[in-house]
Amino acid sequence: MNPLQSYRMRLKRKRAKLRAWRSHYSLKQVADRTDRIGPGDILLFSTFRDEYVRLPYFLKYYRDLGVSHFLMVDNDSDDGGREYLADQPDVSIWTTKASYKRARFGVDWLNWLQGKYGHGHWTLVVDPDEFFVYPFCDTRPIRALTDWLDVSQLRSFGAMLLDMYPKGRIDAVPYRPGQNPIEITSWFDPGNYMIAKNNDFGNLWIQGGPRARVFFRDTPKKAPALNKIPLVKWDRRYAYVSSTHMLLPRGLNQTYDTLGGEKASGVLLHAKFLDTFAAKAEEELARNQHYAASIEYKAYYDNLRDNPELWCKWSEKYINWRQLEILGLMSKGNWA
Amino acid sequence: MSVGIIMLVHTAFDRAEQVARHWAASGCPIVIHADKSVPAKTYNAFVKSLSDLPDVRFCKRHRCEWGTWGLVAATQSAAQIMLDEFKDVRHVYLASGSCLPLRPVQELIDYLAERPQTDFIESATTADVPWTIGGLDHERFTLRFPFSWRKNKYLFDRYVALQRRLRFKRRIPNGIVPHMGSQWWCLTRQTLSAILSDPERPIYDRYFRHVWIPDESYFQTLARQYSLQIESRSLTLSKFDYQGKPHIFYDDHLQLLRRSDCFVARKIWPFANRLYDAFLTDSATAMKQTEPNPGKIDRIFAKAVDRRTRGRPGLYMQSRFPVEGRENGLTCAQYSVFEGFADLFENFEPWLARATGTRVHGHLFAPERAEFSDGQTVMNGALSDSAALRDYNPRAFFASLIWNTRGERQCFQMGPRDHIKNIEWDIAKDPNAQISVITGAWAVPLFKSNQNFGDIRQEAARLQQIESKHLEVLRSPWAKARIRIWTMAEFIEAPMEPLQTIIDEIGQQNMRGLSEVPRMADLNGFGQFLQNLKNQGMHPYLMGDFPVAHGPHEPQQNKPKPYLVQ
């Protein structure tokens, strides 16, 4: 990387910080409990819109892992989710009516909040339908992982998005609040992922899974990216560039080994395909607030009308992280 | 007689206090060193919390940065106090705040009482140890290291390089032989006091002050000077990973640690409540009188290091994406590629599946779709047969296919009609590939087809060009696969011998020879067909020499050579 390139990256990063700063004017505080954040706490940042039904289990899952405080941005929900979160003792919440798309799909809002509250903390950025799984997550709290990352002098931890889906029609089983969504969407594609390196940012670009297999089988280039770096020891100079797919400075994207070894990595179980999905796809299509003119939702919607089944004979049923590690979807690296 | 404990502490003071109380409960005197960088408030609270214990002392504080002299100085100060103030201590055990006694302390005391003259200190010469980090072994003792390895890696490396260039060498004093080993030892009063009160000690101290990581070599070297009996191992179970940092133990290691029979383990995660509860409370476990046996833990940590440095061959995933040349195996298992066989033999695929018991696919890289075995549209791993998905990243497609089916050998067909341009090099360079080629056999389907001859001629020219390019790849010096190439004419002379060789090499079963022969396409008139191509100005040469008229060498169908029949 020559000096000119690295200077351009620096400008990109500065621009992202500037956007974050600008976007904070649109955020309105609903409940501020950030004074309860203690040094060394692990913080979770998330944006949501009309996800009330998912929130109770989401909070429970991450509280059990040892997340100390939730910093949430509500994008104009009207289903009561905002009020529910505002009552939680470990949640600080902001609300905005601004455009999700213009805030680069929420990244600007979260970059701002992370810069303000996340400095020096391990921060986890996930959506309400993403469940973080890391090596030994059934026996070790997330603090064990971040302590180990600290000792290993690692600042970021990668976790690929793993799309989960039910067997049978997506709308066959209704989801109840508080229920573990993985009970319904318990299947995934074990081995059809494609990886390429993004030379500008140094991150890997992963595509594949059921969405590529069913919705994008003729247009694979448009298939959604699955690489994510959700866990970062935040510094106020850092910035997410595109969702949580990549960060600046570039070194943070180096969550993989290039000399044949395996670094430790996790998985984000993506419980998107619940019965609520069809309605969501319709709404999002109308709002046109998602990536690349909601092309994803368009593709889903067209396909889902005809044959809403993602399951196939070779789908694998989720058991635990060890299964994912054996399949080669994640790795313990040198953490033992 | 008792055992004295030196504790070096820098964090997790609540745990350190807990462990100190555990030692003290069995009558072990303790001298504690706390890092100088610990804030006064924390330190004072810690001292106060232990003030009710009579046999606890605190020594002069030094700044302990990793790999520097401070750790040795701290140990020296603490050891001096231990020897001066507790006269009945015979063995001194060096531990840290994150060490945890796994067996009842009394067992350790008894164990050492039975070996009153033995010093337990891992101590090996630099030539004999594999665990040197940063490529410095003997040079640790002959160069100077004024820059921090952690904070100023660049200056550290440059200064080492400079000294190498200038051939700078420090003299090792008094002809001592440098030894290295685990920082955690247990020495007898005799040995330890001899080291501390040696009249030459100022010389040694001055020398070791500038050695790199002196805490792993100071006592290890000097103990060799005085010890009556050295047992070169540490009583503390402490494992290091490939970067030289200690592995950490968590709650889920409880059973492993119990079965290790080690006296003390390091390092314990401060929040591993179950471990602290289990090992600091139940002193009632039966006296086992066994030697420490950390074999299983060793294996687990060795595997972790191996996974981190070498990884699983043939796996490409989010945290393993090797650059070219560092893959450590392009694929994870052996497989076979057949080119031209399915064109020449009418029932080649089912025949091969029966003869070898492997999974036989059609043309995986066919233009229309990936022809998985048995006409499946989705394969192991939920791999799709979509040509667009496959061609988007053929390498990922292929590596996934081999990875997903590990444990079952894969065979597939390839040919110049397929989309091979972006995958042929990967397969040719892969030592796991067995590639068998009958050149020119692609002409057989053209010969059988019902197309206009002009189109056939054009297609033949195209396929021949692709195949000859492909053969260049297979014959290049970079090709590492097991490659066999026959011209079609050569092959049909005696088809069974090469087939037998290929199948023996796959080596699944059927060592007695082939009982059944694949059915060869009817080649009556093929020579004339080639001649017609020639007459149209195209020059088919990859098939080898076919006479226009039928010769006596024309293959006989369904009549295997007798020696091949079981």
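**Exercises on a sheet and a helix pair**

In this predicted model, chain A holds an open sheet of 7 strands in the order β1-β4-β3-β2-β5-β12-β7, with mixed pairing. The model counts local features only at pLDDT of at least 70 and side-chain atom pairs only at pLDDT 80 or more, while totals for chains, interfaces and linings use all residues. Residues are numbered from 1 along each chain as its sequence is written, and chains are lettered from A and ligands numbered from 1 in the order in which they are written.

**Exercise 1.** Find the edge strands of this sheet.

*Solution.* Begin with the terms: strands (E, at least two residues) and helices (H or I, at least four residues) are DSSP runs, numbered from the N terminus, and two strands pair if DSSP finds at least two bridges between them. Next, look for strands that pair on one side only, which are β1 (28–31) and β7 (156–157) of chain A. Finally, check β7(A): with β12 (residues 231–233) of chain A it pairs in the antiparallel sense over 2 bridges, and S156(A) stands opposite V232(A) in β12(A).

**Exercise 2.** Describe how helix α1 (residues 3–23) and helix α4 (residues 107–118) of chain A cross.

*Solution.* First, take the axes, which are lines fitted to C-alpha atoms, for helices over the stretch in contact, with angles from 0 to 180 degrees between N-to-C directions. The two axes come within 8 Å and cross at roughly 90 degrees. Therefore α1(A) is roughly perpendicular to α4(A), a term for angles of 65 to 115 degrees.

Conventions
Parallel < 35°, antiparallel > 145°, perpendicular 65-115°, else oblique.
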